[in-house]
Amino acid sequence: MDSVLRVQGRIGPRTLLITTAALPLTGWTVHAVALHRRLAATRKDPLTGLLRRDAYTARARRLLDRHGDNAAVVLIDQDHFKAVNDTMGHAAGDAVLAATAARLTAWAGPRAAVGRLGGDEFAVVLELPTARLEQRLAQLVRMLHIPVVLEDGRTVDVAASVGAATPAAVGSRDLSLLQRTADAALYDGKHTGHAFVADAAHVAVPSVNGRRAGRPGTAVWGRAA
């Protein structure tokens, strides 16, 4: 007891006041970190780790504003994905989606906006000069055609259709318009094994809810951005 009293005597009222005041601050810091983690989780798709629609849209628009005509909007649609789920199971389908997300992230780089729009549809906005566009898109198509090996050793043959649009070709930095135009180009090249880049003709393709008219799911897909 004497030793405790001697220690307390050395601490002094000022030190006690500082220590007491720090306790709520420490608790708030822990709470803030936990809150930040929860907010970050709501920004990302839990399966793929890619940005959800709202977070993707916000980042994509900033990139378009920053890079202008040197930016590109790329849409990716998994080919024959329903067949993977039907024949190999949903766990295999999830593995394909996760592998696609990893490949898109590696291809686009850390400064891009990479999002999962829903189902087996993805979008990327990145700085990509027109002179390198076709070469980089061809590289992406090759990456997306590499078979996916499952944990049980089975191999899934995969493919994806890719469409791209640039502000220079479309004449606008509006994300919704660029995505609609990239979507029209994507469906021109569906199942061909080649990425299609939108031109002025794709801008005029009729759309419903931000997607090419007549495209499956256009009645319920929602906004383009």
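Biologist: Which residue's side chain meets that of K190 in a salt bridge?

Modeller: This is a predicted model, in which local features need pLDDT of at least 70, side-chain atom pairs count only at pLDDT 80 or more, and totals for chains, interfaces and linings use all residues. Residues are numbered from 1 along each chain as its sequence is written, and side-chain values use heavy atoms, with hydrogens and water left out. A salt bridge here is a side-chain nitrogen of Lys or Arg within 4 Å of a carboxyl oxygen of Asp or Glu. With 2.9 Å from N to O, the partner of K190 is D79.

Biologist: How many residues apart in sequence are the parts that K190 and D79 tie together?

Modeller: Helices (H or I, at least four residues) and strands (E, at least two) are DSSP runs, numbered from the N terminus. K190 lies in the loop between α7 (175–188) and β7 (196–197), and D79 in the loop between β1 (71–78) and α3 (81–88), so the parts they tie together are 111 residues apart.

Biologist: Are R116 and D45 buried or exposed?

Modeller: R116 forms a salt bridge with D45, and their closest N and O atoms are 3.1 Å apart. Buried stands for under 20% relative accessible area, exposed for over 50%, and partly exposed for values in between (1.4 Å probe, protein chains only). By these cut-offs, both R116 and D45 are buried.

Biologist: What is the relative accessible area of D152?

Modeller: D152 meets R154 in a salt bridge at 2.8 Å, N to O. R154 is partly exposed, at 36%, while D152 is exposed, with a relative accessible area of 52%.
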